[in-house]
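Please view the sequence and the structure below before reading on.

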Amino acid sequence: MPFKTYSRVELGKILESVRDSNDTRLLVMPDDRLKDALKQAKDIVANSTVEPAACAEFVAGGGAQLEEGAVVSIGASASSNAESVVLLTLVSGVSEDRVKELMAGRAANLKSCGASQATILGQSVEAVTKAQGMEWPLNRPEA
């Protein structure tokens, strides 16, 4: 399948079609809240202690940066007891080489930072991040 650039609407439709392991549809973050949510996540991590310290950017979603020309959409679901969260970030509008570079970086970070601990507002939180069998590039039949 050739490399394709997706619009924000197309990314949102892809996210709406994804279900987590509990067969729950992901909720798509509204576009007007995306930048604020990413900034808030980075602010929280900046005011937190993350161990290992080298994983702070990974924990803050470092791969979801808004690059010049990029289109980003985020979908999420939480378990009924809020102990686990599925978060899927789709990015389009950057070159295929840049996407490969971002994915390689995330894979390396996942290997070294898949398990971390953070102290946020005085509360200790353990986090485990793992891949869920997604393929890249996202192979979808043309609509």
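## Salt bridges

E10 and K4 are joined by a salt bridge between their side chains, at 3.6 Å from N to O. The term stands for a side-chain nitrogen of Lys or Arg within 4 Å of a carboxyl oxygen of Asp or Glu. Both partners are partly exposed: E10 has a relative accessibility of 31%, and K4 has 29%. On this scale, buried is under 20% relative accessible area, exposed is over 50%, and partly exposed lies in between (1.4 Å probe, protein chains only).

The structure holds four salt bridges. Among them is the one between the side chains of R19 and D23, at 3.7 Å from N to O. Here R19 is partly exposed at 39% relative accessible area, whereas D23 is exposed at 51%.

R98 also forms a salt bridge, with E101, and their closest N and O atoms are 2.6 Å apart. The two residues both belong to helix 4 (residues 96-113) and are three residues apart, about one turn of the helix. An α-helix has 3.6 residues a turn, so residues three or four places apart point the same way. R98 is partly exposed, with 22% relative accessible area.

## Basis of the model

The model is predicted: local features need pLDDT of at least 70 and side-chain atom pairs count only at pLDDT 80 or more, while totals for chains, interfaces and linings use all residues. Residues are numbered from 1 along each chain as its sequence is written, and side-chain values use heavy atoms, with hydrogens and water left out.

## Helix 1

Helices (H or I, at least four residues) and strands (E, at least two) are DSSP runs, numbered from the N terminus. In helix 1 (residues 8-17), the residues L11, G12, I14 and L15 are buried. They lie on the same side of helix 1, because they cover an arc of only 160 degrees around the axis, taken from the directions from the helix axis to the C-beta atoms. V9 and K13, on the other side of helix 1, are exposed.

Three strands form an open sheet in the order 2-5-6, with antiparallel pairing; two strands pair if DSSP finds at least two bridges between them. Strand 2 (49-51) and strand 6 (123-128) are at the edges with a single partner strand each, so one side of each has no neighbour in the sheet.

Strand 5 (residues 115-120) runs antiparallel to strand 6 and is joined to it by six bridges. I120 has Q123 in strand 6 as its bridge partner.
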